[in-house]
Amino acid sequence: MKHPIKLFYSMILFTLGILVIGCQSSTGKVDDAKANVADAKEDLKDANAELVKTANEEEWRLFKNETELKIKDIENRIDVIQTKMKSSGKAMDAVYTKQIENLESKITNLKERVYSYEKSQSDWASFKREFNHDMDELGQALNDLTTNNKE
């Protein structure tokens, strides 16, 4: 009978040992949680810094020059259309004039966006993608206008 009692006491001692070793105070848990949060915030800042890449000087200068050339080309094409419209005297001139005004306002908007990016230097990849998309839309709108103007 001594054997089961020894087994019972040894089980109790073993369980208490595990509880004492395994349990941590609530203060210790809070400190660990604060340290984990601080590490997570630091990791988040690092990840955001990697995502929000700004353009380097060479890349920005090249992009700006290409953009200015594209805008000048579009402005020249609009001037040619306006000259043709003045000489043709079509009945649809009011409609084309309104469309040309819309295109010119879009050009002005694009110029302002380039200027504002130059000042803010925000997320380069996002800016470049959106700007190129808007430039393509402007070019397509101009092509549509010239196609309709020829008819």
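This is a guided tour of one predicted protein model, stop by stop.

**Before you start**

Residues are numbered from 1 along each chain as its sequence is written. The model is predicted, so local features need a pLDDT of at least 70 and side-chain atom pairs a pLDDT of 80 or more, while totals for chains, interfaces and linings use all residues; side-chain values use heavy atoms, with hydrogens and water left out.

**Stop 1: the whole chain**

Show the protein chain as a cartoon. There are five helices and zero strands, and from the N terminus the order is α-α-α-α-α. Helices (H or I, at least four residues) and strands (E, at least two) are DSSP runs, numbered from the N terminus.

Switch to a surface. The protein chain exposes about 11,500 Å², and carbon and sulfur atoms supply 59% of that area. Accessible areas come from the Shrake-Rupley method with a 1.4 Å probe; for residues, only the protein chains shown count as cover. Of the 151 residues, 20% are buried. Buried means under 20% relative accessible area, exposed means over 50%, and partly exposed is in between (1.4 Å probe, protein chains only).

Contacts are the next thing to look at; a contact means heavy atoms within 4.5 Å. Among contacts with a separation of 6 or more, 78% are between residues 24 or more positions apart.

**Stop 2: the aromatic rings**

The whole structure has five aromatic pairs. Rings of Phe, Tyr and Trp (its six-membered ring) pair if their centres lie within 6.5 Å; planes under 30 degrees apart count as stacked, over 60 as edge-to-face and the rest as tilted.

Select Trp 60 and Phe 63. Their rings form a tilted pair, 6.2 Å centre to centre with 35° between the planes. Both residues lie in helix α3 (residues 57-88), three residues apart, about one turn of the helix. Trp 60 counts as buried because its relative accessibility is 5%, and Phe 63 is buried at 6%.

Now select Phe 127 and Phe 131. This pair is stacked, with 5.6 Å between the centres and 25° between the planes. Both residues belong to helix α5 (residues 124-150) and are four residues apart, about one turn of the helix. Phe 127 has 10% relative accessibility and counts as buried; Phe 131 has 1% and is buried too.

Display these four residues together. Ring pairs link Trp 60, Phe 63, Phe 127 and Phe 131 into a cluster.

**Stop 3: the nonpolar core**

A nonpolar core is a set of buried Ala, Val, Leu, Ile, Met, Phe, Trp, Tyr and Cys residues joined through side-chain atoms within 4.5 Å. In soluble globular proteins, nonpolar side chains tend to be buried together.

How many residues does the largest nonpolar core have? It has 21 residues, and those with the most contacts inside it include Trp 60, Ile 74, Ile 78 and Leu 142. Helices α3, α4 (93-120) and α5 each give two or more residues to this core.

Centre the view on Leu 145, another of the residues with the most contacts inside the core. Residues up to four places away in sequence aside, Leu 145 touches Ile 81, Tyr 96, Gln 99, Ile 100 and Leu 103.

Next select Thr 67 in helix α3. Thr 67 is buried, at 5% relative accessibility. Beyond its neighbours within four places in sequence, Thr 67 is in contact with Val 114, Phe 131 and Met 135.

**Stop 4: the salt bridges**

Side chains of opposite charge can pair when their charged atoms come close. A salt bridge is a side-chain nitrogen of Lys or Arg within 4 Å of a carboxyl oxygen of Asp or Glu. The structure holds three salt bridges.

- Select Arg 61 and Glu 58: their side chains meet at 2.2 Å, N to O. Both lie in helix α3, three residues apart. Arg 61 is partly exposed at 44%, and Glu 58 is partly exposed at 47%.
- Select Lys 111 and Glu 75: the closest N and O atoms are 2.7 Å apart. Lys 111 is in helix α4 and Glu 75 in helix α3, 36 residues apart. Lys 111 is partly exposed at 39%, as is Glu 75 at 21%.
- Select Arg 113 and Asp 134: their side chains meet at 2.2 Å, N to O. Arg 113 lies in helix α4 and Asp 134 in helix α5, so the pair ties together parts 21 residues apart in sequence. Is Arg 113 buried or exposed? Arg 113 counts as buried, at 19% relative accessibility, whereas Asp 134 is partly exposed at 26%.
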